Amino acid sequence: MKHIKIKNTNDLIPVGKIICIGRNYLEHAAEMKAEVPESPVIFLKPSTALVYDGDKIIIPKISNNMHHEVELVVAINEEGKNIKAEDAEKFILGYAIGLDMTLRDVQSEAKKKGLPWSIAKGFDTSAPISDIISANEIKNPHNLELICKVNGEIRQKGSTGKMIFKIDKLIEYISTIFTLERGDLIFTGTPEGVSQIHPGDIIESEIYGIIKIKNFVVAEI
Ligand code: MG
């Protein structure tokens with residue numbers, strides 16, 4: 001079983017669903033040459049996709065083009081269905097920095113054929129995540145800077161203020177479809193600047209000034 005850890009505590013919480021939002025930043029939708037959606041684009045990763053600070057990210061043999069997507073992650077505190085946006089805050093346990101690692105070649109092929117993204121987005125090690133920062137330590141989750149560096153060079157830098165669908169609206173929408181439960185995670189989408197990574201690369205992901213993780217890229221053998 002995979003767990004998430006609350007920072008500065010010994011609390012471990014079993015991870016439930018990992019719900020991911022696609023195209024939630026204008027400039028990223030543009031760089032993917034994708035339309036801006038009218039309602040949130042949702043896909044899921046299995047909990048087995050999680051890895052943690054210091055862990056390896058393994059490029060599976062089925063891909064020659066893995067991308068990083070740095071994202072703010074929301075952790076859910078308690079069960080809720082049909083949550084109203086104005087109540088959404090009560091259901092938030094905290095926030096983390098995460099990576100939605102993506103097999104871009106596998107995803108492009110799936111898009112062409114109208115097939116699901118489960119393999120492109122849900123493979124083992126596709127969801128590196130930090131410890132959870134308690135919600136009460138982050139006054140405004142839409143005033144955070146997300147940064148992703150590869151081998152020390154900044155590839156992504158974007159403000160969570162630029163999300164198309166804000167966190168309260170995401171929770172409202174998602175909870176009409178899936179009952180949210182304690183330990184569920186929401187990856188809220190990536191700003192622009194996604195790029196290919198290679199074996200030997202070091203990826204550093206950060207909520208600027210708040211928390212960071214480092215992961216090492218290797219090829220599957
Ligand atoms: Mg993403």
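Residues are numbered from 1 along each chain as its sequence is written, and side-chain values use heavy atoms, with hydrogens and water left out. Because the model is predicted, local features need pLDDT of at least 70 and side-chain atom pairs count only at pLDDT 80 or more, while totals for chains, interfaces and linings use all residues.

Strands here are DSSP runs of E with at least two residues, helices are runs of H or I with at least four, and both are numbered from the N terminus; two strands pair if DSSP finds at least two bridges between them. At the β12 end, β9 and β12 run antiparallel and are joined by two bridges, with Y95 partnered by I133 of β12.

Strand β3 is mostly covered, with five of its five residues buried (buried is under 20% relative accessible area, exposed over 50%, partly exposed in between, using a 1.4 Å probe and protein chains only). I18, C20 and G22 lie on one side of β3, I19 and I21 on the other, and both faces are covered. On the β4 side, the pairing is antiparallel over five bridges, and I18 stands opposite K45. With β15 (residues 185-187), β3 pairs in the parallel sense over three bridges; here C20 has F187 as its bridge partner.

Then there is helix α4, where I167, L170, I171, I174 and S175 are buried. These residues are on the same side of α4, because they cover an arc of only 120 degrees around the axis (the arc is that of the directions from the helix axis to the C-beta atoms). Their cover includes β3, β4, β8, β9 and β15, counting contact as heavy atoms within 4.5 Å.

A nonpolar core is a set of buried Ala, Val, Leu, Ile, Met, Phe, Trp, Tyr and Cys residues joined through side-chain atoms within 4.5 Å. The largest one has 42 residues, and M66, L72, M101, I167, I171, I197 and I203 have the most contacts inside it. Among the elements giving it two or more residues are β3 (18-22), β8 (70-76), β9 (92-99) and α4 (167-177). Beyond neighbours within four places in sequence, I197 touches I59, M66, H68, M101, V150, I203 and V217. Another core, of 20 residues, lies apart from the largest one and includes V15, F43, I129 and F187.

As for the magnesium ion, E69 (OE), E71 (OE) and D100 (OD) coordinate it at 2.0 to 2.1 Å. Donors are N, O and S atoms within 2.8 Å of the metal (3.2 Å for Na, K and Ca), and sites may look incomplete because water is not among the atoms. Along the chain, the spacing of the donors reads E-x1-E-x28-D. E69 is buried at 4% relative accessibility, and E71 is buried too, at 0%.

Finally, the cysteines: with a disulfide taken as a pair of cysteine sulfur atoms within 2.5 Å, the count is zero. C20 has the sulfur of C148 as its nearest cysteine sulfur, 16 Å away. C20 is buried at 0% relative accessibility, and C148 is buried with a relative accessible area of 0%.
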